[in-house]
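Subject: Structure for you to look at

Dear colleague,

Please find the structure below. My notes on what was found in it follow.

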Number of protein chains: 2
Amino acid sequence: MTELIDPDEALRLVIQRTPEPRGVELDLVAGLGRTLVRPVVASSDQPPFGKAMMDGYAVCVCDAGGQARVVAEVAAGHSTQAAVAPGEVLAIMTGAPCPSGTEAVVKVEDTRRHGDQVTLPELMVPGQHLQPQGGFCKAGDEIIPAGATLTSVSMAVIASMGQATVWVARAPSVAVITTGDELAPPGSHLGEARIYDSNGPMLMSQARLAGAGELTRLHARDTPESLARALAQVETADIVVLTGGVSMGRYDLVPGAIRDAGGEQVFHKVRQKPGKPIFFAVRGSQLLFGLPGTPLGSHLGFHRYVAAAMAKLHGRDPRRELRRGELTGPLELHGRRTLFRLARARREGGRWLVDPLSWRGSSDLCGPSLSNCYLRFGAGSTALRPGDSIDLELIDGLDYR
Amino acid sequence: MTELIDPDEALRLVIQRTPEPRGVELDLVAGLGRTLVRPVVASSDQPPFGKAMMDGYAVCVCDAGGQARVVAEVAAGHSTQAAVAPGEVLAIMTGAPCPSGTEAVVKVEDTRRHGDQVTLPELMVPGQHLQPQGGFCKAGDEIIPAGATLTSVSMAVIASMGQATVWVARAPSVAVITTGDELAPPGSHLGEARIYDSNGPMLMSQARLAGAGELTRLHARDTPESLARALAQVETADIVVLTGGVSMGRYDLVPGAIRDAGGEQVFHKVRQKPGKPIFFAVRGSQLLFGLPGTPLGSHLGFHRYVAAAMAKLHGRDPRRELRRGELTGPLELHGRRTLFRLARARREGGRWLVDPLSWRGSSDLCGPSLSNCYLRFGAGSTALRPGDSIDLELIDGLDYR
């Protein structure tokens, strides 16, 4: 099964073979930005007790227009045994619990006080300036459904009910394995034949932005033994991303090494540019991606396929929502495969402007150094002019919201 | 200076009093998502050596249509002392450095090999299938300007030049101080008069999403001594966020405590709802925000003012770009202050749909539990119908991109 498949078919296969999300219970704030796998249910009435909304007095409405005695005072964070009764009121602060017998709260500005006596206004409506117990929600109500993303507001809602943990989709663990004898780590001395490893930092960044949990980084040499050792080390990762060694050349050992390690091949080549050679396999519930060694092929492979699998494992919709933008310059291209091209999108006056960037092959990182989105073009010829409309996919996970 | 000021004037003052970003040198991948304060300059030519783009032979073009002897072989990651000369070629793999004398690379498919002899094609163009040294950029070229956000693509660009660190804006350190005697931590037993602390987890989440560096969490009781102790503990934080105790009531000790600790008041009240009482002061280069105790007032205060200060410290534009959305339900409101209302925005078919949510006062978190954006309305009356256009601000820092 090494025939070329369509990029949409490849994406469909990746999503189909990705397991459903698994739940994990986390401390509340650790769940920020994650997807709920169990709904949040109110554990108590909100507010948990009737509460004064103004500084003033807790009263019976039968005392309207008359005088009453101030029998006690209650501040926020305190309660009292004293009760409101006809002719007897309590001074109360905003946020304090209404004492038993409270029918309404009157604002201090609407009263006159002499010693322990207070003159009350003519009009006092039952329930005024107080928030009754359970007025926002009742114990047992579903407050946030499963599938929702936890925001800063969710944190407040959940915390206000005293819940210290949430059940969210477990963040997938990811292992990044660079391959090849020609790679040197940044900062090291570079021999004539070697290049600095750029795919490693790039893929680690993409994995982080896609929400990787545990993140492992390995390098394997271009030998079957080194690759086998690396694959054995990452047996428990949800996702393994290899880069390089995935074409049909003599040194392209990755597909064989994955098969030898028990990986079942799903596809090997995708009718896309860049990044035609891309190997996808499964091993139990583990997903293995063999991405091309060229930086731009590798970047697209992660953006398009690995990130979709991670989105599904996170309980998110793995299909990206496209943005509509407007080209600022001409763009002419043609090819026999679906073409993905990095570009720069800028928001201006409420719309997206898209600057095309120069393209000098899938090894050139200088041309797209300011890019933040992908454009997509069908096979054949495309000639676009400034002002033309175009769909864009933001990189770095910004589209999965 | 306790008069009410306009929300836009308040924002202007916050931005004006926020210091310029300070630079810090970080390991490359730690700089992901951060703003460059020094441009990235190419430290070497890219590619650093002439490179074969195909598997085939490195040749002199004068041998076109003839035969040549294969004198050596060179793979990616290796170099050779052997040189190309008229009548002498090297077998070469994709990515391998072109040996000295190489004028072009021919694809293996375009040749025929017999022993150490190879027949070359009729047409060989100088430079074909090879990437010359410096073809993407030259040493000294500015690759990414100061002010740019570092993406996963930036990581690859910078790593490919062997640079192991970047100079980015230092992430502001933030201290969150909740105040009030009525707050209980989640999971604890709740006495009748107490409420669970929801502002703490909420503000910690907002601070994290706005890119806080060191993040400190304290609680102070409603006494001048406890507040003074807390403020003394956070003297080195870039930003201090207090919540509660900021109105004009007897227990509202925060403005006085900030002044006593050396804070210079900039403003105290903003003509907005929710969150009218909001105290902003500076102490040296430190910014201090006294936010209201109500969760929604506090959330808006962080969203609108603290996040803007953090954006500026991060070297980003502190003014949010609004999104244009379409209301899905009616919305009627009126008031004497600028009104900010949480709502739920959903992307569908390339546009934003905005669901209005119920509003039962700034203590109600159940109504806006699914919200993810703010709507803004001027003072006076507003009556909007389904289908009407409306501007929205996404919460949780999504608008500062």
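The centres of domain 1 of chain A and domain 2 of chain A, taken over C-alpha atoms, are 34 Å apart. The bounds come from an automatic or database domain assignment, which gives chain A domain 1 (4–21 + 171–313), domain 2 (24–45 + 139–169), domain 3 (53–131) and domain 4 (323–394).

This is a predicted model, in which local features need pLDDT of at least 70, side-chain atom pairs count only at pLDDT 80 or more, and totals for chains, interfaces and linings use all residues. Residues are numbered from 1 along each chain as its sequence is written, while chains are lettered from A and ligands numbered from 1 in the order in which they are written.

Chain A overall. Its secondary structure comes to six helices and 29 strands; helices (H or I, at least four residues) and strands (E, at least two) are DSSP runs, numbered from the N terminus. The radius of gyration of chain A, over C-alpha atoms, is 31 Å, well over the 21 Å from the globule rule for 401 residues, so the chain is more spread out than a compact globule. That rule is 2.2 Å times the number of residues to the power 0.38. Along the principal axes, the C-alpha atoms of chain A fill a box of roughly 100 × 50 × 40 Å.

Chain B superposes on chain A by a rotation of 180 degrees with 0.1 Å of shift along the axis, at an RMSD of 0.2 Å. The two copies are thus related as by a two-fold rotation axis. In chain B, Leu398(B) comes closest to the axis, at 4.4 Å (C-alpha).

The interface. Contact here means that the C-beta atoms of two residues, placed from the backbone, lie within 7 Å. On that basis 85 residues of chain B are in contact with 84 residues of chain A. Elements giving two or more residues to the chain B side include α3 (199–209), α6 (295–313) and β25 (338–348) of chain B.

The core. The largest nonpolar core has 227 residues, of which Val59(A), Val241(A), Val59(B) and Val241(B) touch the most other members. Such a core is a set of buried Ala, Val, Leu, Ile, Met, Phe, Trp, Tyr and Cys residues joined through C-beta atoms within 7 Å. Leaving aside residues up to four places away in sequence, Val59(A) touches, among others, Ala68(A), Val84(A), Leu120(A) and Met124(A).

Backbone points to check. A cis peptide bond joins Gln46(A) and Pro47(A), with omega about -10 degrees; Pro47(A) lies in the loop between β3 (40–41) and β4 (51–52) of chain A. In chain B, the bond from Lys273(B) to Pro274(B) is cis, with omega near 0 degrees. His129(A), a residue other than glycine, has a positive phi near 55 degrees and is buried, with 22 other C-beta atoms within 10 Å. Gly140(A), by contrast, is exposed, with 10 such atoms within 10 Å.

Regards

Key: Copies are superposed by least squares on the C-alpha atoms of residues with pLDDT of at least 70 in both. A residue is buried if 20 or more other C-beta atoms lie within 10 Å of its own, exposed if 12 or fewer, and partly exposed in between; C-beta atoms are placed from the backbone.
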